[in-house]
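Here is a short tour of one protein model, written for a reader who likes to know the cut-offs behind each term. Please have the structure open as you read.

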Amino acid sequence: MTLVKHIYRNLMDDDVFGIAAQLSYFFLLSLFPLLIFLMTLFPYLPITQEDLLNLFRDFAPSGTMELIESNLNQVSQKNGALLSFGVIGTVWSASNGINAIVKAFNKAYGVKEGRSFLRARFMSIVLTFAMILVIVVALILPVFGKHIGTFLFAQLELSAQFISVWNALRWLVSSIIIFVIFIGLYWLAPSKKFACRSAIPGAAFATIGWILTSFAFSYYVSNFGNYSATYGSIGAIIVLMIWFYISGIIIIIGGEVNAFFSNRVKDC
């Protein structure tokens with residue numbers, strides 16, 4: 001069976017669209033607690049709210065950034081009790097999302113969940129903090145990279161060319177970090193042991209697919225989709241939910257890709 005036939009057959013058999021709908025809900029539920037938690041780290045890290053927004057601005061549909069920015073601005077004016085709320089809210093919401101991903105990956109591999117509830121929840125929490133750590137690294141690297149790049153290009157008297165080089169490198173670094181996140185997710189989430197390199201095909205598909213679909217959906221929303229005319233003031237939330245839904249489908253299909261290649265190796 002070819003990869004395309006495998007994915008097409010399993011789209012319905014594994015309820016990919018239904019689980020993606022669950023993921024979109026949990027992604028939305030955990031988004032703002034995650035952003036709040038990251039904001040509480042600003043005093044201890046060389047990053048600002050603008051650096052955080054730029055990370056999301058690169059991929060998020062244009063209509064959603066105003067919603068995200070306005071909520072962050074409201075939250076940033078409140079007291080310092082955000083840290084505990086951010087940790088609890090992010091861990092709980094994101095771990096529910098990871099559990100939905102685990103369910104989807106187990107279906108893709110045709111295995112049952114063999115871990116206890118506590119062990120599975122602990123794994124979800126570990127993955128959540130690992131994801132937060134990677135996001136923090138993704139925020140810090142461009143800050144230091146820009147300073148180092150500015151200094152080096154100034155020494156070579158090539159400051160004018162630095163911006164174009166930096167923009168290209170920024171996209172490359174972001175793509176690599178997304179790829180690393182997906183490898184960790186595909187390797188650790190399923191209730192099946194396999195080598196880390198076996199997660200590479202699905203991670204590559206998910207990285208490329210997610211970036212391309214995010215750009216395509218953002219272009220569609222900016223030029224054709226007038227969601228505010230249909231949904232009014234909640235149009236931005238609807239756009240965000242659809243983006244998360246599409247992202248969920250891409251992530252699950254990445255798991256199906258890994259399962260396909262895993263079965264081929266087993267059959268050989």
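Does Ala-236 count as buried or exposed? At 19% relative accessibility, Ala-236 counts as buried, where buried means under 20% relative accessible area, exposed over 50% and partly exposed in between, with a 1.4 Å probe and protein chains only.

## Ground rules

This is a predicted model, in which local features need pLDDT of at least 70 and side-chain atom pairs count only at pLDDT 80 or more, while totals for chains, interfaces and linings use all residues. Residues are numbered from 1 along each chain as its sequence is written, and side-chain values use heavy atoms, with hydrogens and water left out.

## The chain as a whole

The protein chain has 10 helices and 0 strands; helices (H or I, at least four residues) and strands (E, at least two) are DSSP runs, numbered from the N terminus. Buried residues account for 45% of the 268 residues. Take the contacts (heavy atoms within 4.5 Å) between residues at least 6 apart in sequence: 78% of them join residues at least 24 apart.

The accessible surface of the chain is about 14400 Å², and carbon and sulfur atoms hold 69% of that. Accessible areas come from the Shrake-Rupley method with a 1.4 Å probe, and for residues only the protein chains shown count as cover.

## The nonpolar core

A nonpolar core is a set of buried Ala, Val, Leu, Ile, Met, Phe, Trp, Tyr and Cys residues joined through side-chain atoms within 4.5 Å. The largest one holds 65 residues, and those touching the most other members are Leu-52, Phe-105, Phe-182, Leu-185, Tyr-186 and Trp-243. Helix 10 (residues 235-267) gives the most to this core, with 13 residues. In soluble globular proteins, nonpolar side chains tend to be buried together.

Leaving aside neighbours within four places in sequence, Ala-236 is in contact with Gly-63, Thr-64 and Leu-67. From Ala-236 to Met-65 the C-alpha distance is 8.5 Å, although 171 residues separate the two in sequence.

Gly-63 sits in helix 4 (residues 62-76) and counts as partly exposed, at 36% relative accessibility. Its C-alpha atom is 7.3 Å from that of Val-239, a residue 176 places away along the chain.

## A buried serine

Which residues does Ser-214 touch, not counting those up to four places away in sequence? They are Phe-59 and Trp-243. Ser-214 belongs to helix 8 (residues 200-223) and is buried, with a relative accessible area of 1%.

The side chain of Ser-214 makes a polar contact with the side chain of Trp-243 at 3.0 Å. A polar contact is a pair of N or O atoms within 3.5 Å; within protein, one must be able to donate a hydrogen and the other to accept it, and residues adjacent in sequence count only if both atoms are side-chain atoms. The Ser-214 side chain also reaches the backbone oxygen of Trp-210, at 2.7 Å.

## Leucines on the outside

Leu-133, in helix 6 (residues 117-155), is exposed, with a relative accessible area of 56%. Leu-133 and Leu-38 are 95 residues apart in sequence, with 9.8 Å between their C-alpha atoms.

Leu-172, in helix 7 (residues 159-188), counts as partly exposed at 48% relative accessibility.
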